[in-house]
Amino acid sequence: MTGPMLEAESVSVAYGKVEAVRGVSLTVAPGRLVTVLGANGAGKTTLLNALMGVLPARGVIRFEGSDLTRLPVEARVAQGLSLIPERRELFSTMTVEDNLRLGAFRFRGKPGGGDIDEMFRLFPRLAERRRQHAGTLSGGERQMLAMARALMGRPRLLMLDEPSLGLAPLIVADVMRTVSRLRDEGVAILLVEQNARAALQIADYGYVLDGGTVVLEGDSRTLQGDARVVETYLGVLAADTDPPGRAASGR
Amino acid sequence: MDATILLLLLQDGVVNGAIYALIALSLVLVFTVTRVILIPQGEFVAFGALTLASLEAGTLPGTVPLLLGLGALAFLADVAEARATLTGRVLLRLCLRDLVLPALVAAAAWILAPLKAGLLVEILVTLAIVTPMGGFLHAVAFRPLAHASVLVLLIASVGVHLALTGLGLVFFGAEGSRTPALSDASIPAGPLTVSGQSLWMIGLTLAIIVALWLFFSRTLLGKALVATAVNRLGARLMGIAPSLAGRLSFSVAAFIGALSGVLIAPLTTVYYDTGFLIGLKGFVAAIIGGLASYPAAAAAAILVGIIESVASFEASAFKEVIVFMAIIPVLLWRSLRSAPVEDEE
Amino acid sequence: MPTRLLAGLGALLVVALPFLPGVPPFWLTLMTYAGLSAIVVTGLVVLTGVAGITSFGQAMFVGISAYATALLTLQGGLSPWLSLPLALLLAAASAWVIGAITLRLSGHYLPLGTIAWNISFFYVLGNTDALGRYDGLAGLPPITLFGHPVLGGAEALLLTWGFLAVSLWLTHRLLRSRTGRAIRALKGGVVAAESFGVDTARVKIVAFVYAAMLAALSGWLYAHIQRAINPTPFGINAGIEYLLMAVIGGAGSIWGGVFGAVLVTVLKDQLQNVLPLVFGAQGNFEAIVFGVLLVLMLQRAPDGLWPLIARRSVAPPPDRGPAAQPLAPRPTAAPGTVLLEAANLRKTFGGLVAVNDIGFSVAAGEVVALIGPNGAGKSTTFNLVTGVARLTSGAVRLAGRDVAGLPARRIARLGCARTFQHVKLVAGMSVIENVALGAHLRGSAGPVRGALGLDAAEEAALFAEADRQLARVGLSACRDLPAGSLALGQQRIVEIARALCLGPTLLLLDEPAAGLRHQEKQALGDLLRRLRQEGLGILLVEHDMDFVMGLADRLVVMNFGAKLCEGAPATVRRDPAVVEAYLGSAA
């Protein structure tokens, strides 16, 4: 085992006086796929944004041993982190091709960035739409473009926020396969998902957030076995048992 | 007013409108990329004109000490900004950009000014003096306010305008200046004569527009600026720093402003505070274009130029009033078709 | 030091100035000017600090009034006291026209417009013969007080600061009134304000007109104290200076405005003495200092200097005692009456169909939950019903009336109140005032009654209602705390209290359980059950199935913008399609 790639220690994020994330610690080892699950408002998106530097956070965030906590987003991008946010944040009035080109901006035209043709092989639908504006794409195509754009930056850690959001089941399966394949190619992945089954099926390890704190973590197989507990925290089904009591022992 | 006069006024309007178009384009660029409504754009125009006039007269322009001072302030601001990641290499780069570059430009101006090296050289020196000021101003005044609202940025922008106008008075005095025309040629065209100066103005305006278009559509850096304007967060996630985009757009604005000053200096006497009114007319055009569309802003600028030239013929004392009133129908129209209610960021 | 003590001492010092031995007359004049500016800046505090909109053109309203009173007294032969209301009216009318043109547009059009118009105004003054061109008008009569003309010096100082005191008092009353709360509500977002019936565009115009009238008061005073006017003090630079005063002092409080006015006036005088010596020439050099100061303040102390020297606190609203007469009760609906009927709702964004043929109804005394995974179109549906988003096609009937296309504030009038997924309270305002905002439509006092304090009975009734609703949700203990200091769960409950203040028959809740912890969710569930028992119809959009299962009478499940199924919780829970939509098919 090598050391962790990403390490967050008691990270907290507050909007004014309301703390959305409270003392969350997590690690992602190289080449692993880690998922963060939780109900709406549990703090998943806030956590990812804090790790990426979009939101200011307290605590310590380390990437490959170096302290990122006070670095701006751009500096974290330069170190090899990448985030595909929930709203995708594509350049809607620019072409698919230009979106991809800007994905490799951190290399400033020097070699090292991704190859557009390779992306088109990976996502053939994008090749058909290469001269179209990103704003004209369908939901699934947007997610593909967001992933391809992020991959153009050759990230070593890719964070995805709800990649299945608003996508039809077939496309969700597609997206999950791609994420899984990236992990196999050596990219470490931190995946935030509400689609718990799909996420746990491809993940190595998982964390469950509730009320801004980690209430449960473990190997994805363990979590899958503990499905009822997980689902209660996700607000999916009425619980027959009283889970919060068991949560503490879940760690 | 007969047809010849009308044609004359139209010609005048188009030529003035070309300048307003340049200013409006840079205002739209700066606003879409940084959300700053760049009131001091007019000062770049005045500085460009007055710097050229100084060089023409063989004296060291007052903008030279201003450039050195702004560079030093920008250096301090940059070091403070980069303190989390400050390395020797970063420090060296900042030093070169904020201290050495202005010093080299100042040295060039100091050597070339008494030589009266000719109009072309003087124009190049003028552009070299004023252009870096844009980036420096961004670093000193606006980058620390990156998270502020459009309104706060606007108030800061007015503050910068106030300070620069005052400094203009200190460095250039209350006297106005005028420079010789870029060309003495005049070409007869029907009932009119088109001056070489007018052709230069329209030609250079078109050249700048084409250059901007090439920059935005053909270069990675240009596309990065467009990307920042389209989606600021998306751009940051690609590693495009807002400070880079801000510095770049402010520098382009300063360059275009200085060039506008160079073009307008032979037509009118420029004082230290002349730029404000010229800049505001660019604003009228930019606002008509909704502060978002380049072609609409450029077209509106030509219209503003024509309104102004007709107004100055019909009621010269009130020409500014008439030009500014031109935005009322536009605002009214925009107001009537605006969305009902939306929260602003 | 407490704000009031500090401000009181400062004001006392200024007013005592004429009676202190050895004070040079020049200082009396300077403080008179400071007082004149402070009146203008008080208006800017309402505009910038409270309403969040800005004008660089207040000097124009000062000028409009000064020139109006000059013409009326010089040529009309009116006494200054008669010309005062006319000058105020003229300024108010100009502000109303300018506001009507620009205030519906996004925030930066008004300040940009005011720059252009103030410059135009200056040129008009300087080029109009009837206004004396750049020489201006002279020989204005002084203001007479009890038959005694006020001729500068100590008398002018006291008169000016007397008017300033009146302005501050009126402003204080206005901001505490129903209209004032609506102005302050703009900070919580216009969507929220509209949702409980505030016409935000009108409220902005009221703030702008009020600020213009204070500027006009200052102009009238100036004209008759100076007794000669020319265009210079009404140019754009003066307008910028007023804003500088507000920013330096602190636009968040009226005392900050007064402080800024005094500080900048004194500073300007000192700079005008010193700077020409430094630069060896005459000129407008203080502009450099002011410009730099403006930028530095925004960077380092955006709330101004006043909060740094005076302790900042959210003052609780005055205790108005028991209401003599409670608010008129709002109509209620018999249990089972259908309140809301949505049929064939459809919304497309570009080519994307976000909501596709959705229909449901809510009756009095029942809880209906709209559920579905993220991105299913629940929030969009909610916005369609509440008038925030426009329907592409379909119909929404509220209490039997077709409300498609009506703005949110009109829908509120029909007894439909809502809360927000991302809490929209005014963070700096006390909890009870936030709740009282919800009763906006149940009062009628306008800005004039509010400023003059003629709204006491109505205010007492509004606050009694707000207290009642706060007690109903069990948060009376938090009454006087700033809303922003509460925990998220409590803030959501405050929003419900605010919604209840409207006296609704239908309550719409947007993800009320999001971000809440287990116990908070239970408390919320209990509250909603109680409200249902009292006959309210409740529609909630929710992601959390666990939360709605034990609460809702009926569920409408959405996925991909369309209705997946509808029915009682037990039926829906067994529906495999629902479980799959939530958990996803195992890929």
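**View 1. Gln272(C) in helix 11 of chain C.** Gln272(C) is partly exposed because 13 other C-beta atoms lie within 10 Å; a residue is buried with 20 or more other C-beta atoms within 10 Å of its own, exposed with 12 or fewer, and partly exposed in between, the C-beta atoms being placed from the backbone. The residue belongs to helix 11 of chain C, residues 254-279. Helices are DSSP runs of H or I with at least four residues, strands are DSSP runs of E with at least two, and both are numbered from the N terminus. Gly283(C) is eleven residues from Gln272(C) in sequence, and the C-alpha atoms of the two are 8.7 Å apart. The model is predicted: local features need pLDDT of at least 70 and side-chain atom pairs count only at pLDDT 80 or more, while totals for chains, interfaces and linings use all residues. Residues are numbered from 1 along each chain as its sequence is written, and chains are lettered from A and ligands numbered from 1 in the order in which they are written.

View 2. An unreviewed UniProt entry gives "transmembrane region" for residues 26-47, 59-78, 84-102, 109-126, 146-171, 205-223, 243-267 and 274-298 of chain C. UniProt positions are in the numbering used here, feature names are shortened, and annotations may be inferred rather than shown by experiment. Residues 109-126 of chain C are 100% helix and 0% strand, with 26 Å between the end C-alpha atoms. For residues 243-267 of chain C the content is 84% helix and 0% strand, and the end C-alpha atoms are 15 Å apart.

View 3. For chain B, the UniProt record (unreviewed entry) lists "transmembrane region" at residues 18-39, 59-79, 91-113, 119-139, 151-174, 194-216, 248-271 and 283-305. The span 119-139 of chain B is 100% helix and 0% strand, and its end C-alpha atoms are separated by 31 Å.

**View 4. Contact between chain C and chain B.** This contact involves 44 residues of chain C and 43 residues of chain B; two residues are in contact if their C-beta atoms, placed from the backbone, lie within 7 Å. On the chain C side, at least two residues each come from helix 4 (80-102), helix 5 (109-127), helix 8 (190-195), helix 10 (236-249) and helix 12 (286-300). Helix 5 of chain C gives the largest share, twelve residues. The chain C side that touches chain B comprises 28 nonpolar, 14 polar and two charged residues. Here Ala, Val, Leu, Ile, Met, Phe, Trp, Tyr, Cys and Pro count as nonpolar, Asp, Glu, Lys and Arg as charged, and the others, Gly among them, as polar.

**View 5. Contact between chain B and chain A.** Chain B contributes 17 residues and chain A 25 residues to this contact. Helix 8 (220-230) and helix 9 (232-237) of chain B each supply at least two residues of the side that touches chain A. The largest share of that side, six residues, belongs to helix 8 of chain B. By class, the chain B side has eleven nonpolar, four polar and two charged residues.

**View 6. Domains 1 and 3 of chain C.** Chain C is split into domain 1 (3-309), domain 2 (338-415 + 504-583) and domain 3 (427-492), with bounds from an automatic or database domain assignment. The centres of domain 1 and domain 3 of chain C, taken over C-alpha atoms, are 31 Å apart. In their contact, 16 residues of domain 1 of chain C meet 16 residues of domain 3 of chain C. Helix 6 (153-176), helix 7 (178-185) and helix 9 (200-226) of chain C each provide at least two residues of the domain 1 side. Helix 7 of chain C has the largest share of this side, seven residues. The domain 1 side divides into eight nonpolar, four polar and four charged residues.

**View 7. Fold of chain A.** Chain A has eleven helices and ten strands. Its C-alpha atoms fill a box of roughly 55 × 40 × 40 Å along the principal axes. Of the 251 residues of chain A, 51% are buried. Among contacts in chain A with a separation of 6 or more, 66% join residues 24 or more positions apart.
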